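Colleague: I am new to this structure. Could you walk me through a few of its features?

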Amino acid sequence: MNSVVVGGTSFLPPMMSVSDVVKVYGLQARAQLSQNFIFDMNVSEKIIRCIPDIEGATVIEVGPGPGSLTRSLLNSTAERVIVVEKDPRFLPALKNLADASRGKLHIIHGDILDANRLILPRLLDHFNPSKVRLVGNLPFNISTPLLLNWLRMQSYGANIFRPGRDVRMTLMFQKEVADRLVSDINRRTRTRLSFLAQHLCKVTMPYVLPPEVFVPAPKVSAAVVNLEPRHNPEVVDFDLLESLLNTVYNQRRKAIRNTVKILAEDPLPFLEENHIHPMMRPEHIPTANMCGLVNSLAQAGLLSPRPRSSSRLYLADGFDQNGLPLVMVRPPSPS
Ligand code: SAM
């Protein structure tokens, strides 16, 4: 077994390599949790270098797994790293990293979709960082719902995205999803997700990774996407924008006048008011005009958000003397 020091100027004591951690703890990748690991520390260092202005930031990493990105984060100039991992098999290896990190690493055991709502906002209120970076080689099966969850929070200035806090995202997606996130107007790749991300954020793709860098290798490439909040996003209600996009993208090959007709008996005045040609398809419409259309339809009482199923919430086992949630939080047992 090799012992390695991670990075040239490591803050961590010598540790097992990540591939040895996986062997020693018998951590077979689980497909249902979208587990594709990165063992090459050069790759994880390169991903971490994509994070803008990391110095002094609190980084939240989703799905640390055996901890390659986590090690690079611990060796970075971030002030603290909070990881959220659902699979309990990784906890002993992460605990070793936490012990070596001199208080820099905090572990939450749970589902990120739940932790987002309760534990993470509490932790951030406690630490009160001015800079937060959301990072992860995301489990592909939840990457889109998770991003939508964060974009909605950003739009409403809620939870992690409290107003005044500088929150940016550096996330790994399947390349196909990354292409949609950065897609220009008039491209087939311009989807619902492009509008929802781009009306709030400047979206860039700094790094594309071939399947071979992952273990096991997935069928498709992946890409790192940076989402940085725009200073003057269009004024539009996120849920209403999502609702209109669902309607028009359900039949994306139809002209906009036909899909908006589902909502308004006479769609033409609404389209004219927002300088949208009735024969356009959704991918041809600039983001600002689509947002204008949402506002016009909403003012006329013709658009309302789809009812949302409430997501599971669970409480921490307790709070310590500082009001900080106890770090090991069990996911709810199935009822
Ligand atoms: N960061 C590691 C790496 O790059 O090698 C592992 C990345 S792997 C693609 C995704 C990780 O997310 C796995 O560790 C998996 O257990 C975890 N995961 C899956 N679903 C999760 C969820 N809902 N909440 C938190 N972690 C989750």
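**Strands and a binding site**

Modeller: Start with strand pairing. This is a predicted model. Strand β4 (residues 58-62) runs parallel to β7, and four bridges join the pair.

Colleague: Which residue of β7 is the bridge partner of Val-59?

Modeller: Arg-133 is the partner of Val-59.

Colleague: With which other strand does β7 pair in the parallel sense, and over how many bridges?

Modeller: With strand β8 (residues 166-174), over seven bridges.

Colleague: What kind of unit do β7, helix α7 and β8 make?

Modeller: A right-handed β-α-β unit. Helix α7 spans residues 143-156.

Colleague: How many residues of β7 are buried?

Modeller: Six of the seven, so the strand is mostly covered. To judge a single residue, count the C-beta atoms around its own: 20 or more others within 10 Å make it buried. Take Asn-137, which belongs to β7 (residues 131-137). Asn-137 is buried because it has 28 C-beta neighbours inside 10 Å.

Colleague: Which residues does Asn-137 touch, leaving aside those up to four places away in sequence?

Modeller: Ile-38, Gly-63, Leu-69 and Met-172.

Colleague: Which residues does the UniProt annotation "binding site" cover?

Modeller: The unreviewed UniProt entry lists Asn-36, Ile-38, Gly-63, Glu-85, Asp-111 and Asn-137 under that label. Treat such a label with care, as annotations may be inferred rather than shown by experiment. Two of the contacts of Asn-137, Ile-38 and Gly-63, carry the annotation as well.

Colleague: Where is Asp-111 found?

Modeller: In the loop between β6 (105-109) and α5 (112-115).

Colleague: Why does Asp-111 count as partly exposed?

Modeller: Because 18 other C-beta atoms lie within 10 Å of Asp-111. Partly exposed is the class between exposed, at 12 or fewer, and buried, at 20 or more.

Colleague: What separates the C-alpha atoms of Phe-90 and Ala-57?

Modeller: A distance of 24 Å, with the two residues 33 apart along the chain.

Terms used:
Residues numbered from 1 in each chain as written. Predicted model: local features only at pLDDT ≥ 70, side-chain atom pairs only at ≥ 80, totals over all residues. Helix = DSSP H or I, 4+ residues; strand = E, 2+ residues; numbered from the N terminus. Contact = placed C-beta atoms within 7 Å. Pairing = 2+ DSSP bridges. Right-handed = clockwise from strand over helix to strand, strands pointing away.
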